[in-house]
Each structure stands twice: as structure tokens, then as C-alpha cells.
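Reader: I would like to go through this model with you. Shall we begin?

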Amino acid sequence: MRIGLISDTHIPEAAPELWPEAYAAMEGCDAILHAGDIYDISVVDRLNEIAPTWAARGNGDDGSSGRDVQPDHPLLANAWAHTFSGVRVGLTHHLPVPELSFYTVADAIERHFGADERLDVCVYGDTHVHRIDTLSGVLCVNPGSPTFPRNLSAQLGTVGYLDIEDGRATPSLWQLTPGGLEPTESWDREI
């Protein structure tokens with residue numbers, strides 16, 4: 001099973017529409033997780049035409065800095081948790097990565113998902129910086145931003161995948177290019 005990971009699309013702030021390269025990168029996925037700061041819910045509807053999609057509400061989707069508040073939508077929630085092929089995956093907009101002394105990934109998971117939730121993987125966004133870490137025993141994956149990578153000017157950025165096989169999740173991060181995708185780093189982490 002392949003899950004497409006995307007976050008911080010910022011449409012129409014970054015561009016009138018999400019890059020075609022970002023949609024193309026999600027083709028062939030079995031599911032798509034959008035980790036928030038969508039700004040235009042039509043992006044989620046379009047992703048959902050490609051594969052079943054769930055999206056986390058980001059701070060920008062709640063009207064920060066004078067942006068429009070995104071309306072209620074059946075595919076949009078503050079946080080989601082689903083089991084995909086035996087792997088429990090959480091989706092939210094913000095995780096404290098790197099962890100803070102007073103607020104850890106375990107604290108954030110309890111806050112967003114409840115004290116009894118046990119995640120194997122948590123997908124998040126917010127920082128626009130793609131990264132993979134294992135913190136508090138949870139594989140934490142941020143796909144970065146396809147439109148504002150590393151909070152730079154609007155340009156082709158990054159997306160990710162979570163491949164699940166035999167109850168194991170393997171993440172990968174990819175740079176969008178005019179010709180397709182290129183790996184961003186060599187990652188070999190499983191949970």
C-alpha cells in the first residue's frame with residue numbers, strides 16, 4: 001500500500017492552483033494525507049478524485065493572519081487516525097519537531113488524538129521543511145511543502161510517500177521537478 005503525503009499547499013496564496021506536478025505525484029496512491037494549511041478546500045476535493053483523501057486543519061485554515069476560514073468539510077478535521085494495513089497512522093498539522101523540553105511528540109499525540117491513542121506513524125506539516133524522525137517511539141514524517149519549500153518563495157517543493165508492506169511503514173521524501181520526482185535524501189527507516 002502506498003499513501004501519498006502532502007502539506008502546506010497554500011492555494012491560492014502560493015499560486016492560483018496547485019502545481020500539476022503535485023497532483024501527478026499522487027497518481028497511483030491508495031490514499032492521500034494532507035497535513036494542513038490548504039487554504040482552498042478544492043485542493044482536497046481534487047486530491048480525493050485521485051485517491052481517498054483525509055486532511056488536517058492547519059492554523060491557516062482557521063483564519064490566521066486574516067486568511068479565510070475553511071468551511072466544515074467531511075474530509076477535513078483537526079486530526080485523524082486510521083489503520084492502514086496494520087499500521088496506525090495519525091495526521092495533524094503541528095508536532096513539536098524537534099521536541100521541546102516542555103512539549104514533546106508524546107504530549108502532542110495525547111493532545112491531538114487522546115491519551116489512549118497509540119500511533120505507529122504521525123504525519124504532520126506546518127514547518128514546510130521535509131524530514132523524517134523517530135521520536136517518543138513514533139515515526140514522524142513531514143512531507144514539507146510542494147509550493148513553499150523551506151518557507152522560500154513559490155516554487156516546486158516536496159511531497160512524500162508512506163509505503164506499507166507486511167505491517168511495516170517505510171517513508172520517503174521527494175522533490176517535485178518539471179519532469180517528475182527526484183529523491184530528496186536517502187532514508188532507510190522502518191517501524
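Reader: Which residues does Arg57 touch, not counting residues up to four places away in sequence?

Author: Arg57 touches Asp62, Val69, Gln70, Pro71, Asp72, Leu76, Ala77, Asn78 and His93, where contact means heavy atoms within 4.5 Å. This is a predicted model, in which local features need pLDDT of at least 70 and side-chain atom pairs count only at pLDDT 80 or more, while totals for chains, interfaces and linings use all residues. Residues are numbered from 1 along each chain as its sequence is written, and side-chain values use heavy atoms, with hydrogens and water left out.

Reader: Is Arg57 buried or exposed?

Author: Arg57 counts as buried because its relative accessibility is 12%; buried means under 20% relative accessible area, exposed over 50%, and partly exposed in between, with a 1.4 Å probe and protein chains only.

Reader: Which backbone oxygen does the side chain of Arg57 reach?

Author: That of Asp61, at 3.3 Å.

Reader: Turning to Asp37, what does this residue touch?

Author: Beyond residues up to four places away in sequence, the residues touched by Asp37 include Asp8, His10, Asp61 and His93. The C-alpha atoms of Asp37 and Asp8 are separated by 4.7 Å, although the two are 29 residues apart along the chain. Asp37 is also buried, with a relative accessible area of 4%.

Reader: Which backbone nitrogen lies 3.3 Å from a polar atom of the Asp37 side chain?

Author: The backbone nitrogen of Asn59.

Reader: Now Met26: what is in contact with that residue?

Author: Leaving aside neighbours within four places in sequence, Met26 is in contact with Gly4, Leu5, Ile32, Leu47, Ile50, Val159, Gly160 and Tyr161.

How values were computed: Polar contact = N/O pair within 3.5 Å; in protein donor to acceptor, adjacent residues only side chain to side chain.
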